[in-house]
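Biologist: I would like to learn how to read the features of a structure with several chains. Please take them one at a time.

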Amino acid sequence: MQDKGNRDQRPVTKLVPGLSRRTMLTAAGAAATAPLLGRRARAAGEPIVLGWVGPLSPPGGYAEGILMKDAAAMAVEEINAQGGVLGRPIKVVYADTRGMPAEGRTAAERLVQEDKVVAVFGEFHSPVALAEIEVFHKYGVPFMACDVWSDKITAKGYPEVFRNSTAVSLIDTTIGEWMVAAGFKNVAMLTEKDDIGLDSRKAVAAVLDKSKVHYETADAEPTLTDFTAQILRFKSHQPTYDLFFSEFAEAGAYDMIRQSHDLGFAPTAKTAIYNSGGAAVDPTFWQNAGQAGVNLCTENVGLPKSGWNDKTKAFVKTFTARFKASPPGSAMESYDAAWLLAEAIKASGGTAAKGIIHALETTSWVGTRGKYSFSTDRDPAWHYHQFMDAPLTIIQYDKYKQSADNAPILWPRKFATVPYTIKKPV
Amino acid sequence: MAEYLLIQSLNGLVIGVIYAVIAAGLTIIFSILKIVNFAHGEIYMMGGYFGYFVISMLGIPPIPAIFVAMALAFLLSVALERALLTPLYSPTTERKSDYGILVTFGISIFLRNIAIILFGPFPLRPPSFFSGALVVGDFVMTWDRVFAAGAGVALLGLLVLFLGRTSWGQALNAVSQSRESAAIVGINDRLAYTMAFGLGGAFAGAAGALVGPIYALTPSMGLQPDTQAFAIVVLGGMGSVGGSIIAGILIGVSESLFIALFPDPSRGLSYAQAFSLLVLMVVLLVRPTGLFGRTHTAME
Amino acid sequence: MRALRLACLAGLAAIALAFPHLVNAYWLTVGILAMFYAIIAASWTLLVGYAGQFSFGHMAFVSLGAYAAALLVQWLALPVPIGMLVGALLAMVVGAGVGFVCLRIRGPYLAIFTMAFSEVLRIVFLTENEITGGASGLNVAPLFTSRSNAPYYYVALGLLVVSLAVMAAMVHSRWGLFFRAIRENEQAAAAAGVKVVRFRILVFAVASGFAGLAGAFYGPFIGILTPDIGSVDQMGLVVAMAVIGGSESLVAAVIGALSVEALVEALRAYGQWRLVLFGLLLLLTMRFARNGLLALAWEQVRRLTPASWRTPHAREAAE
């Protein structure tokens, strides 16, 4: 019972109101033909149990956690509709972590000990993932981390731990390079006080320092909703800042973007605006940001539309039909993670951890986010078991209610769909 | 710099009015029922969502929706009072103040968490009352904020009139001074408790509906205003409606100036949230009667 | 009767000691966390239920003990157990300080004050991230390096037994009478010669010290600390534990903590519904069974027992 009444804006629901007549017919057809396909296609026998971890209640970031869970459930339905793995169906046990390391740790223990999972995927908070990987490492259970950006997760060098999302060092070096290329000279930075915000600031600052770009920083608690004072302070600064960069993923990001716009700080002819952290590609972005979202830059951690493969297209179509919103990158990562683990089990021919780890190290499976491969190089340490080609583009909305996939791509230049690297409103 | 401080003060003034509306509700409940309502912030949150759904589902325009949200917050508060607070009036209940604290704290946990399930985790934003912004030279303020402040002042004015000029208000005032004497002159004290809790909730709900377009609505939005309202009520002197209006504005303005003047900008915003809490602690320690209050350090 | 009670106690002790061999590693972890919460709920009960000092800032001392212990070990390279002890002592001293400055404040004012104190501390731990790691968390050195959690279990059990013994000794001595006198009517207690100031500070110090000790143990066990352990929602969970069990008895609070923690685990798949349920349970307990569900259950058991079985003491109490 997720949502009553607000069905048109709210994408998350367990009632699946968006399940169209057509999908139902297809599903019914699949069920009817399944017996004809014989034993192989029918997922029979003892299920193979996978675990999922992530925040489903406060103080965790449950908004995104619930989307990731829904995407994982979609993957499992599809895997089972195709006959499961090794002739057995896949079952996922979902464990809520409330965004707290201690809860993550017990959740991990539970999945391993009680539910006897063969592998685990998911997460959203880096500190929680760091507590969980200790458990997975202790018992040797493979773990595919999704949407956790802290470098430390892979830098620990645990053979069980893989990451199919981007990492702070990957993402923020790219953002820093874009800032330099776009010619910004004077940047105001506002970051949220948490793992992503602070690491991100450090990584961006490193690039800016190297290129001698001037910047000023301010931090804010993730729960903050009124940024007026800080924005006015930035606004009154001389000389005028040419970019307002914020790393703010929580609900307050919408307020910040709107307040910056309403107070006439950014976007303006002089000052561009960038928000990092995913809030600007979430389903309720336009409802909350309104006109203030036009001209905003942000990163998209999915493949650029030009690079979409059949799986991306199919996933986006089903997800959009079901939840009435285009999927954020974290949902795609959770979906792909379920598939990656299923494919690794299939490739290794069993559920032994060593086999799964080896299969992941050598995988070249193509998912919604492109062709996967996991680095085995340990220099620098965070490269180990990291998906180095994790897709990342910097986009800038140029129309109200534009979807992230249709927004002009500014960077990297090989994916760019427009000739400019930044457009300021006139 | 002087200009920046002036602009900041004006912004603080607007926020202060909203704080005052929330705190006035808390004060009414305190002065009549003699309990601190730890669920006040959650009623404020519910008011915001009531406003949102009244607009999006029933198609009521934003301004009348404030009144519907107030009425719904009133009804919700009355229902909670009837169901859970009646032991406060029974002579057999031991340590009533503990009961009041724990029950309202329980209500706050319950409402905050059921809201996630009912309204979903994503922030929601109702449409603006008036789009655009008021621009005077370097001073910019959205019309939504200007309107919220104006409406807040109007609501507070009505409240002061209601308490001072109507027989209902005088009856409430009598109960706040002495339950026994009020009963002797024939005032139905049970009805007064219900009215006071409902009225307090209605003001929290109104504040929630007013800030809807300014900040996005989230299930946990009540946590921060709750502690801020405590600070205001304590500063204003527990039980004094006029005191909490002045204290609300005072806290709003000084909080804005605190951010403006805090020497380390990378910490200013974080510590702004602690500012009103520190004021609260200092006032409790140094002058427990608040700036305008009566002696209320112990509750019977 | 005495023999029966001793036999019961011995049986309970045997189960508690054998627990790590009876369950798998997951339930062992749950058991350790349940005892962590039990220490907190019991010390909160001492403060609130016995002495009537209403505090919503108890988790602040847990978090203070945890961070202090972890940082001391990191900075001074102290052995972990010494760090834990110093962390607990620091929580005790700060607790005494809070008790001292709050001497003039009572009831809901004290609840508001302690809640504000707790939030300020959480914001400081979040903001001073160069020292505390902020929301990214602070890595804490482990107490044991063994693969099994059994050593942690025995440490937690030991801490729980010691803290319960100390607190029970306090409330069953003359001090316990003083606490209750202060709870019921401070002026009257003072007039009767109870040193109100001394005992209010003492109870704050002891309760905060044990909360800090629980926190100092939690850090090395989990391996990472975030300011969230001091959040209002965590405080709510502890309050629910104590009230559901019965906030006027140490043992009831402990049993409340153990059962609510087990419930938290059993309902893990229901994520968002868990706190809704505990909030509701808290409300229903307060409204209909103010002494806690345990006292309610105990009453039912007693009502069903024939009068002749009861000890004279119990019969007296029933009348």
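Modeller: What follows goes through interfaces, a helix pair, salt bridges and some backbone features.

Modeller: This is a predicted model, in which local features need pLDDT of at least 70, side-chain atom pairs count only at pLDDT 80 or more, and totals for chains, interfaces and linings use all residues. Residues are numbered from 1 along each chain as its sequence is written, chains are lettered from A and ligands numbered from 1 in the order in which they are written, and side-chain values use heavy atoms, with hydrogens and water left out.

Biologist: How many residues of chain C are in contact with chain B?

Modeller: Contact means heavy atoms within 4.5 Å. By that rule 44 residues of chain C touch 47 residues of chain B.

Biologist: What area do chain C and chain B bury between them?

Modeller: The size of an interface is often given as the accessible area lost when the parts come together. Buried area here is the accessible area (1.4 Å probe) that two parts lose on being put together, summed over both. For chain C and chain B it is about 4,300 Å², with 74% of it on carbon and sulfur atoms.

Biologist: How many salt bridges are there between chain C and chain B?

Modeller: A salt bridge is a side-chain nitrogen of Lys or Arg within 4 Å of a carboxyl oxygen of Asp or Glu. Between chain C and chain B the count is four. The side chains of R95(B) and E248(C) meet in a salt bridge, at 3.0 Å from N to O. A polar contact is a pair of N or O atoms within 3.5 Å; within protein, one must be able to donate a hydrogen and the other to accept it, and residues adjacent in sequence count only if both atoms are side-chain atoms. Ten residue pairs are in polar contact across this interface, both residues being at pLDDT 80 or more.

Biologist: Which element gives the largest share of the side of chain C that touches chain B?

Modeller: Helices (H or I, at least four residues) and strands (E, at least two) are DSSP runs, numbered from the N terminus. The largest share, 14 residues, comes from α5(C). For residue classes, Ala, Val, Leu, Ile, Met, Phe, Trp, Tyr, Cys and Pro count as nonpolar, Asp, Glu, Lys and Arg as charged, and the others, Gly among them, as polar. This side of chain C has 28 nonpolar, five polar and eleven charged residues.

Biologist: What does the contact of chain C with chain A hold?

Modeller: It takes 35 residues from chain C and 35 residues from chain A. The area buried between them is about 3,100 Å², and carbon and sulfur atoms give 51% of that. In chain C, Y26(C), R268(C) and Q272(C) lose the most area to chain A, together 21% of what that side buries. There are two salt bridges between chain C and chain A. R274(C) and D96(A) meet through their side chains in a salt bridge (3.0 Å, N to O). On the side of chain C that touches chain A, α2(C) gives the largest share, five residues. That side divides into 17 nonpolar, eleven polar and seven charged residues.

Biologist: At what angle do the axes of α8(C) and α10(C) cross?

Modeller: Two packed helices are described by the angle between their axes and the distance between the axes. Axes are lines fitted to C-alpha atoms, for helices over the stretch in contact, and angles run from 0 to 180 degrees between N-to-C directions. Helix α8(C), residues 174–184, and α10(C) have axes that come within 10 Å and cross at roughly 100°. That makes α8(C) roughly perpendicular to α10(C); angles under 35 degrees count as roughly parallel, over 145 as roughly antiparallel, 65 to 115 as roughly perpendicular and the rest as oblique. Residues of α8(C) in this contact include W175(C) and F178(C), and those of α10(C) include V196(C) and F199(C).

Biologist: Which parts does the pair R112(B) and E42(B) tie together?

Modeller: R112(B) forms a salt bridge with E42(B), with the closest N and O atoms 3.0 Å apart. R112(B) lies in helix α4(B) and E42(B) in helix α2(B), so the pair ties together parts that are 70 residues apart in sequence.

Biologist: Where does P267(A) lie?

Modeller: P267(A) is in the loop between α9 and β9 of chain A, and the peptide bond from A266(A) to P267(A) is cis, with omega near 0°. Another cis peptide bond joins W411(A) and P412(A), with omega about -10°.
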